[in-house]
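Have the sequence and the 3D view open as you read.

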Amino acid sequence: MKKVKLKVPATVANLVCGFDILGMAVYDPYDEMEFRLLETPEIIIKHIDSFGLPEEASKNVAGVVLLKIQEYFNLKIGFEVIIRKHIKPGSGLGSSAASAAGAVFGANILLGNKLSKEEMVYFAMFGEELASGVRHADNIAPCIYGGITLVKSSNPIDIIPLNSPDLFVTAVHPQVEVKTSDARQILKKNISLKSAVEQWGNIAGLVAGIQKNDYSLIGRSLNDVIIEPIRSILIPKFDKIKSKSLQLGALGGGISGSGPSIFMLSEQKETAEKTAQMMKSVYDEIEIENLIYVSKINPNGIQIVEEA
């Protein structure tokens, strides 16, 4: 294999109460990545989008991952990667994870599928470390595995693929900046035992609801008493978006990743689309530009579009 083209999906991390351990892949938005093997050991990154991301391999999320793979296998060959990003950096929809996961996925195909999914997650986490300062897998895992994943452990890597309920995801990305590193810094270093117990119950309930297709249990479990109350202050109109979504019939939702995007889960497409219209109107009213997405849960993750 000399060339491969991929569609790399956006992801929703945390799923409200599962900070750094739960994530979900969606269909829209997605990045496009094209890979070509080079006969010389260089890493060439080309961005054909408008986000102005660095193309020097050591400073690029995809580039760092490829350098690690090159070092690990002691490769005398290299990679050229052309990236067209549609997942806006800093959106909270797994933009850096898409670049990192896509890089290892594409390289693995060109190298003859030498890496397991767990090993791909391992290499992709170096990209997340460059982007946010922390090696976490909650976005990377669903991008590579598809569907909803539980990161039981990132050291050693232990990923548990969960069921993918037949639900619709509505996401809004208000055009305000919330850096992942900043959103982490404002979190409390210590929490009460009472809050921890409540959070554990929500996480366990959410996983059980996902596995049993129990939508009522999923809705009751989409509650965060630790992270959301702090991070939500960084997102304009968060409380209004959430309360109105529930009034329209959404099961529940919250901050996507570290924000500023907000996601909601719905049983019916009609509810998801009404929620999308409401989200847009809320931000249009206060003149904040926004991007709206309605998607099913993506059970496949990264998709091979073309290979040669």
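## What's packed inside

Keep in mind that this is a predicted model. Its largest nonpolar core has 72 residues, and the members touching the most others are Met 24, Phe 79, Val 104, Ile 144 and Phe 263. Helix α2, which covers residues 95-110, hands over the largest share of this core: 10 residues. Apart from that core there's another one, made of 13 residues, including Val 172, Ile 235, Ile 241 and Met 279.

## Zooming in on Met 24

So who does Met 24 meet, once you skip its neighbours within four places in sequence? Its contacts include Val 12, Leu 15, Pro 142, Ile 148 and Val 169, along with Phe 263, Leu 265 and Ile 297.

## Two cis peptide bonds

Look at the bond from Asp 28 to Pro 29: it's cis, with omega near 5°. Pro 29 sits in strand β2, residues 22-38.

You'll find a cis bond from Gly 259 to Pro 260 too, with omega near 5°. Pro 260, though, belongs to the loop between β8 (252-255) and β9 (262-266).

Leu 15 isn't a glycine, yet its phi is positive, near 50°. Is Leu 15 buried or exposed? Its relative accessible area is 4%, so it counts as buried, the cut-off being under 20%.

Asn 213 is another non-glycine with a positive phi, about 55°. Asn 213 is in the loop between α6 (193-212) and α7 (215-221), and at 41% relative accessibility it's partly exposed.

How values were computed
Residues are numbered from 1 along each chain as its sequence is written. This is a predicted model: local features need pLDDT of at least 70, side-chain atom pairs count only at pLDDT 80 or more; totals for chains, interfaces and linings use all residues. Side-chain values use heavy atoms; hydrogens and water are left out. A nonpolar core is a set of buried Ala, Val, Leu, Ile, Met, Phe, Trp, Tyr and Cys residues joined through side-chain atoms within 4.5 Å. Buried means under 20% relative accessible area, exposed over 50%, partly exposed in between (1.4 Å probe, protein chains only). Helices (H or I, at least four residues) and strands (E, at least two) are DSSP runs, numbered from the N terminus. Contact means heavy atoms within 4.5 Å.
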